[in-house]
Amino acid sequence: MAEDDISKFEYKKVAKPGISVKRPDSKSYTLQKFTRDSFYKAFENYIDNVALVFYGNLIYVDPRQIDKNIVMANDLEISLEDFVKFFINSGDLDDLKNIEILTYIKKASQDIVKNSIINNEELANSIFQGKGWFEEPYVANYIYEDSKLRDNSITGFTITTDSGRGSGKYTIIIKPI
């Protein structure tokens, strides 16, 4: 971004100058990337059983990889019994080998996170703009995207994982749609 990019705007210097700048060739970017600790800190006031929901977002649903779920549960100190009880009232550990049940749990976990963001303006503003997590001028009140400067607002988003799960790097990523 250069001074010429805003020359067509009438402006004056103001407080809250933070701008999130996206590369012109960027079609997909990350709004937030949460490790276990940062996810717990961000969501603990909004989600019950935050550790189980974090793990539920990370589980593998590919039949060739579901054995990695046990390793991941051990790494994250997740009780699989508690996990099953939380998501499936009458379930047992054998259910964690059922792809349909794992797919249901993963979607339910994503929905819990998504709904907590949608239903809590303070959390949404923190995730999309950094409000409450950072001080000025590091809050992104504006976004420069597609060669346009605009107010940074809460938009549609998706919840996914990083590619590092197999190597013990457990992260949840929030991206715009």
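Q: In which loop does P137 lie?
A: In this predicted model, the peptide bond from E136 to P137 is cis, with omega near 10°. P137 lies in the loop between α6 and β3 (142–145).

Q: In what order do the elements of the chain run from the N terminus on?
A: The secondary structure comes to six helices and six strands. From the N terminus on, the order is β-β-α-α-α-α-α-α-β-β-β-β.

Q: Which element of the chain has the lowest mean pLDDT?
A: The mean pLDDT of the chain is 89, and 90% of its residues reach 70 or more. Among the elements, α2 has the highest mean. Where pLDDT is low, the predicted coordinates should not be read in detail. The lowest mean, 65, belongs to strand β1 (residues 19–21).

Q: What share of the contacts between residues at least 6 apart in sequence joins residues at least 24 apart?
A: Buried residues make up 40% of the 177 residues in the chain. The chain exposes about 11000 Å², with carbon and sulfur atoms supplying 48% of that area. Of the contacts between residues at least 6 apart in sequence, the share that joins residues at least 24 apart is 61%.

Q: Which residues touch the most other members of the largest nonpolar core?
A: The largest nonpolar core has 43 residues. Elements giving two or more residues to this core include α1 (36–43), α5 (99–118) and β6 (172–176). The residues that touch the most other members are F39, F43, Y55, F83 and I117.

Q: Which residues does F39 touch, not counting those up to four places away in sequence?
A: F39 is one of the core residues that touch the most other members. Not counting residues up to four places away in sequence, F39 touches F34, E44, I47, V50, F54, V113 and I172.

Q: Which residues of α5 are buried?
A: α5 has 20 residues and reaches 28 Å from its first C-alpha to its last, close to the 28 Å expected at 1.5 Å a residue. At the start of α5, a side-chain oxygen of N98 comes within 2.9 Å of the backbone nitrogen of E100. An α-helix has 3.6 residues a turn, so residues three or four places apart point the same way. The buried residues of α5 are I101, L102, I105, K106, A108, S109, V113, S116 and I117.

Q: Is T103 buried or partly exposed?
A: T103 has its place in helix α5. The C-alpha atoms of T103 and G56 are 9.6 Å apart in space, while the two residues are 47 apart in sequence. Because its relative accessibility is 39%, T103 counts as partly exposed.

Q: Against which elements do the buried residues of α6 pack?
A: Seven of the nine residues of α6 are buried, namely L123, A124, N125, S126, I127, F128 and Q129. Just after the helix, G130 takes a positive phi of about 85°. The buried residues of α6 pack against β2 (32–34), α1, α5, β5 and β6.

Q: Which backbone oxygen does the side chain of Q32 reach?
A: Q32 is found in strand β2 and is buried, with a relative accessible area of 17%. Beyond four places in sequence, Q32 is in contact with S126, I127, W133, I172, I173 and I174. At 3.1 Å, the side chain of Q32 reaches the backbone oxygen of I127.

Q: Which residues does I154 touch, not counting those up to four places away in sequence?
A: I154 has its place in the loop between β4 (148–151) and β5, and is partly exposed at a relative accessible area of 42%. The C-alpha atoms of I154 and N125 are separated by 7.2 Å, although the residues are 29 apart along the chain. Not counting residues up to four places away in sequence, I154 touches A124, N125 and F128.

Q: What is the relative accessible area of N69?
A: N69 is found in helix α3. Leaving aside residues up to four places away in sequence, N69 touches Y55, I59, Y60 and L102. N69 counts as buried because its relative accessible area is under 20%, at 5%.

Q: Is E77 buried or exposed?
A: E77 lies in the loop between α3 and α4. E77 is not a glycine, yet has a positive phi of about 60°. With a relative accessibility of 68%, E77 counts as exposed.

Definitions and conventions
Residues are numbered from 1 along each chain as its sequence is written. This is a predicted model: local features need pLDDT of at least 70, side-chain atom pairs count only at pLDDT 80 or more; totals for chains, interfaces and linings use all residues. Side-chain values use heavy atoms; hydrogens and water are left out. A nonpolar core is a set of buried Ala, Val, Leu, Ile, Met, Phe, Trp, Tyr and Cys residues joined through side-chain atoms within 4.5 Å. Buried means under 20% relative accessible area, exposed over 50%, partly exposed in between (1.4 Å probe, protein chains only). Helices (H or I, at least four residues) and strands (E, at least two) are DSSP runs, numbered from the N terminus. Contact means heavy atoms within 4.5 Å. The expected span of a helix is 1.5 Å times one less than its number of residues. A polar contact is a pair of N or O atoms within 3.5 Å; within protein, one must be able to donate a hydrogen and the other to accept it, and residues adjacent in sequence count only if both atoms are side-chain atoms. Accessible areas come from the Shrake-Rupley method with a 1.4 Å probe; for residues, only the protein chains shown count as cover. pLDDT is the predictor's confidence in each residue, from 0 to 100.
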